[in-house]
Amino acid sequence: MQLEAFSQLRDEGFTLKEARTRAKTLATQLMIDVKTKIESQLGMYKYPPKDYVSLAGMNKHNADCDSLLRCTANALDEIGLQKLVVSTQHANVEHKIEFTVKFMIKAVHNVSYNKKYLELGIVGWMPYTKLVSNVIPLTFC
């Protein structure tokens, strides 16, 4: 988008230096306009997207994919698919805990407290864990 913004500014008569300086701001505005247009078009379908995430910079080696992972997991309705997405992130315990807590809050909303049910529910979201009785409820393998 920056190249498109730069070209647009040059076509409007800005100098090379001015166009280079203003291109980032215009590119951001162009992205917002495109996103709004796409959202309104897709919003007319029977099954519109639940959320949108920018993939800018995701092609880099050290890209931060947190927003993509969260957006993907939140968009999935079925618990099994959410577990699959979250479980593939072996190193990211933060995501596993976040989705485990969300699931367990929904699951035990109308159920009386049951320690075993809670432990099994948590272990179900974290496939690389084991239950150790009378020591620490969960240890990571």
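Ile-38 is partly exposed, because its relative accessibility is 38%, and that class sits between buried (under 20% relative accessible area) and exposed (over 50%), using a 1.4 Å probe and protein chains only. You'll find Ile-38 in helix α2, residues 16-42; helices here are DSSP runs of H or I with at least four residues, numbered from the N terminus. Keep in mind that this is a predicted model, where local features need pLDDT of at least 70, side-chain atom pairs count only at pLDDT 80 or more, and totals for chains, interfaces and linings use all residues. Residues are numbered from 1 along each chain as its sequence is written, and side-chain values use heavy atoms, leaving out hydrogens and water.

Ile-38 also belongs to a nonpolar surface patch with Met-1, Met-31, Val-34, Leu-42 and Tyr-45, together about 520 Å² of accessible area. Such a patch takes residues with over 30% relative accessible area and no salt bridge, joining nonpolar side chains (Val, Leu, Ile, Met, Phe, Trp, Tyr) within 5 Å and like charges within 9 Å. The areas come from the Shrake-Rupley method with a 1.4 Å probe, and for residues only the protein chains shown count as cover.

Now to the salt bridge (a side-chain nitrogen of Lys or Arg within 4 Å of a carboxyl oxygen of Asp or Glu). The structure has one, and it joins Glu-39 to Lys-35 at 3.6 Å, N to O. Both residues are in helix α2, four residues apart, or about one turn of the helix. Glu-39 is partly exposed, as its relative accessible area is 28%, and Lys-35 is partly exposed too, at 44%.

Notes. Helices (H or I, at least four residues) and strands (E, at least two) are DSSP runs, numbered from the N terminus.
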